[in-house]
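Thanks for coming. Please have a look at the sequence and the structure, and then I will go through a few links between side chains.

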Amino acid sequence: QVQLVESGGGLVQPGGSLRLSCSASGRIFRIDTMDWFRRAPGKERELVAAITTGGITNYADSVKGRFTISRDNAKNTVYLQMSSLKPEDTAVYYCRARVLDMDYLWNNYWGQGTQVTVSS
């Protein structure tokens, strides 16, 4: 019904930058909050950043001042601009969207994940 496709991951040196994108498609009536999560090796999944339809944002303390979340509501797309990357940012990054579908049912949908590796 609804698909989320992420892109933009890769290998980057410490101090570098990457921009992740996540586009939602399918039987979408409306999208509410869109988020980015990550799961590092041996750790639990954590919320990295969230953004409401109106643009209100929230960040994990570990990424404040370095990551910026934004969205394009017309394109059903959320972005995560990551700067000053550190080795501890290495993880699989997942986007999530809270979607009201064409049957007027709310559900959370997840992307497939994109690997971000920060290493010299």
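I start with a definition: a residue is buried when its relative accessible area is under 20%, exposed when it is over 50%, and partly exposed in between, using a 1.4 Å probe and protein chains only. What you see is a predicted model, where local features need pLDDT of at least 70 and side-chain atom pairs count only at pLDDT 80 or more, while totals for chains, interfaces and linings use all residues. Residues are numbered from 1 along each chain as its sequence is written, and side-chain values use heavy atoms, with hydrogens and water left out.

First, the cysteines. A disulfide here is a pair of cysteine sulfur atoms within 2.5 Å. How many does a search of the whole structure find? The search finds 1. Cys22 is joined to Cys95, with 1.9 Å from S to S. Cys22 sits in strand β3, residues 18-26, and Cys95 in strand β9, so the link ties together parts 73 residues apart in sequence. Strands are DSSP runs (E, at least two residues), as helices are (H or I, at least four), and they are numbered from the N terminus. Cys22 and Cys95 are both buried. Their link is right-handed, with 50° about the S-S bond.

Next, charges. Side chains of opposite charge can pair when their charged atoms come close. The rule for a salt bridge is a side-chain nitrogen of Lys or Arg within 4 Å of a carboxyl oxygen of Asp or Glu. That rule gives 6 salt bridges.

One of them pairs Asp35 with Arg96, with 2.7 Å between the closest N and O atoms. This pair links distant parts of the chain: Asp35 is in strand β4, residues 28-39, and Arg96 is in strand β9, 61 residues apart. Is Asp35 buried or exposed? Asp35 is buried, because its relative accessible area is 4%. Arg96 has 22%, so it counts as partly exposed.

Another salt bridge joins Asp89 and Arg38, whose closest N and O atoms are 3.0 Å apart. Asp89 lies in the loop between β8 (77-82) and β9, and Arg38 in strand β4, so this pair ties together parts 51 residues apart in sequence. Both residues, Asp89 and Arg38, are buried. They also belong to a network of salt bridges that links Arg38, Glu46, Arg66 and Asp89.

Last, Lys64 and Asp61 meet in a salt bridge at 3.1 Å, N to O. Asp61 is exposed, because its relative accessible area is 65%.
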